[in-house]
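Here is a briefing for a reader new to this structure. Look over the sequence and the model first, then read the points below.

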Amino acid sequence: MRDLWGRTATSAPLVIVQEASLPTDRDRNGRFVALTGGDAARPLGRVLLVGAGPGDPELLTLKAVRALAGADVVVHDRLIPQAVLDHARPGARLIYVGKRKSHHSVPQDGINDLLVALAREGLTVVRLKAGDPFVFGRGGEELTACRDAGVPCEVIPGVSAGLAAAASAGAPVTHRGVAQAVTFVTGHAAGAGGEPDLDWASLARPNQTVVVYMGLSTAPVIAARLAEAGRAGSTPALLVENASRPEERRVLTSLAGLADAAASLDGPVVLIIGEVAAMADTGRLADERLLERATA
Ligand SMILES: C[S@@+](CC[C@H](N)C(=O)[O-])C[C@H]1O[C@@H](n2cnc3c(N)ncnc32)[C@H](O)[C@@H]1O
C-alpha cells in the first residue's frame, strides 16, 4: 500500500482512501492510498470546515474561495457544484465523501478519521460542506474530532439552504408584525415510528416561521402533527427545491396542502411554514429579478 506521496506505507494505515471514488473531472487513477497518521518530523496540517452555500457558486464567501485556493486536499459533500470545486488549485486532491439518504459513501466516523489523518500528514485540508457546516451538517462532530486529536480547525460559515430559499423566493423568515421568530428543524425521521422528534406544541404557535430541512419524505407527518398541535390548516407553506440553482422550483401551498405539494417534488427541498410564506414570489427565479433590476 502506498501513502499520499506514493511511498510504501511503513505503519498500519489509519484510513485508506480510494481516489476513484471522486465523481469529478479531477479523478485520478483509482489507486488506494494509505494515511498512516503522520510522520513526527512533518509539521501538523490543519482543517478548515468550509460552508459551500446552497448551490449557486456566487453565494460562496470570499473566505471560502481563498481557503479552496490554498488547500492541499478538498474533502467534499455530494451537493457541491463543479464551479465551486473549480476554486481548488490545480493539483489539489479532491476526495468525495457524499451522503445520500440511507447511503453514505463514507460513514461519519470515517470522515472524522480521514480529516484528522490528512492533517497529520501535514496537509491543509478543506472540508467542504453544503450550506453552512453547523446547520444540520455534522460540522460539530468534525470540529470535535479535530479538537480531540489536537488538530487546528477553523470554521468558515456558508449560506444555509433555508436562508437561500427564503431569499430567493422573497419570503423573509422574520417579518415585523408577522413572524417574530424562526426555528430551523430537521424533518429527518429520527423518532419512534419514523417520525421527526420535534416539539410540535411550540412549533404550532402562530407568528413564527418553521424552516424544515430534510423534510420532503416526512412532510405528511409534519403537516399532520402541526395541525393536531393547533397550527391552522390555512397557514401558508412554501416548498423550495434546489434553492439558488438554475433548476430551482417553488410551490406555495398551505399546511393542509403540504403533503400533496411535497409529493410533486424530488429534493433537495426546504419547507418554509408560517405566515411569511404568503409573501413568496413563486413566479420568477432570483436571477430573473436581478436581471430586471439591472436593466431597469
Ligand atoms: C444534511 S442537510 C445539509 C444542510 C446544509 N448544511 C445547509 O446549511 O444548508 C441537507 C438538506 O438541506 C436542504 N438543502 C440543501 N441544499 C438545498 C437547496 N439548494 N435547496 C433546497 N434545500 C436544500 C435539504 O432539506 C436537504 O435535505
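Helices (H or I, at least four residues) and strands (E, at least two) are DSSP runs, numbered from the N terminus. The chain has nine helices and 15 strands. This is a predicted model: local features need pLDDT of at least 70, side-chain atom pairs count only at pLDDT 80 or more, and totals for chains, interfaces and linings use all residues. Residues are numbered from 1 along each chain as its sequence is written.

**Confidence**

- pLDDT is the predictor's confidence in each residue, from 0 to 100.
- The chain has a mean pLDDT of 86, and 79% of its residues reach 70 or more.
- Residues 20-30 have pLDDT below 50; this stretch has 16 contacts in the model beyond near neighbours in sequence.
- Residues 289-296 also have pLDDT below 50. Beyond near neighbours in sequence, this stretch has one contact in the model.
- Where pLDDT is low, the predicted coordinates should not be read in detail.

**Burial and contacts**

- A residue is buried if 20 or more other C-beta atoms lie within 10 Å of its own, exposed if 12 or fewer, and partly exposed in between; C-beta atoms are placed from the backbone.
- Of the chain's 296 residues, 44% count as buried.
- Two residues are in contact if their C-beta atoms, placed from the backbone, lie within 7 Å.
- Take the contacts between residues at least 6 apart in sequence: 69% of them join residues at least 24 apart.

**The nonpolar core**

- A nonpolar core is a set of buried Ala, Val, Leu, Ile, Met, Phe, Trp, Tyr and Cys residues joined through C-beta atoms within 7 Å.
- The largest such core has 83 residues. V74, L115, V125, L238, V270, L271 and I272 have the most contacts inside it.
- Helix α3 (residues 108-120) gives the largest share of this core, seven residues.
- Domain 1 (15-156) and domain 2 (161-279) both contribute residues, so this core lies between them. The domain bounds come from an automatic or database domain assignment.
- Leaving out residues up to four places away in sequence, V74 touches L68, L85, A88, A92, L94, V126 and L128.

**A71**

- A71 sits in the loop between α1 (62-70) and β5 (73-76).
- A71 counts as buried because it has 25 C-beta neighbours inside 10 Å.
- Not counting residues up to four places away in sequence, A71 touches A88, A92, T124, V125 and V126.
- A71 and A88 are 17 residues apart along the chain, and their C-alpha atoms are separated by 6.8 Å.

**Helix α5**

- Eight of the nine residues of α5 are buried, so α5 is largely enclosed by the rest of the structure.
- The buried ones are A161, G162, L163, A164, A165, A166, S168 and A169.
- A169 has 25 C-beta neighbours inside 10 Å. Among the residues it touches, beyond those up to four places away in sequence, are L238, V240 and R250.
- G170 follows α5, with a positive phi near 70°.

**The ligand shell**

- A residue is near a molecule if its C-beta atom, placed from the backbone, lies within 6 Å of it.
- There are 23 residues around the ligand; G131, G137, S160, A161 and A243 come nearest.
- α5 (161-169) and β15 (269-273) each supply at least two residues of this shell.
- Domain 1 (15-156) and domain 2 (161-279) each give the shell at least three residues.
- The shell holds 14 nonpolar, six polar and three charged residues. Here Ala, Val, Leu, Ile, Met, Phe, Trp, Tyr, Cys and Pro count as nonpolar, Asp, Glu, Lys and Arg as charged, and the others, Gly among them, as polar.
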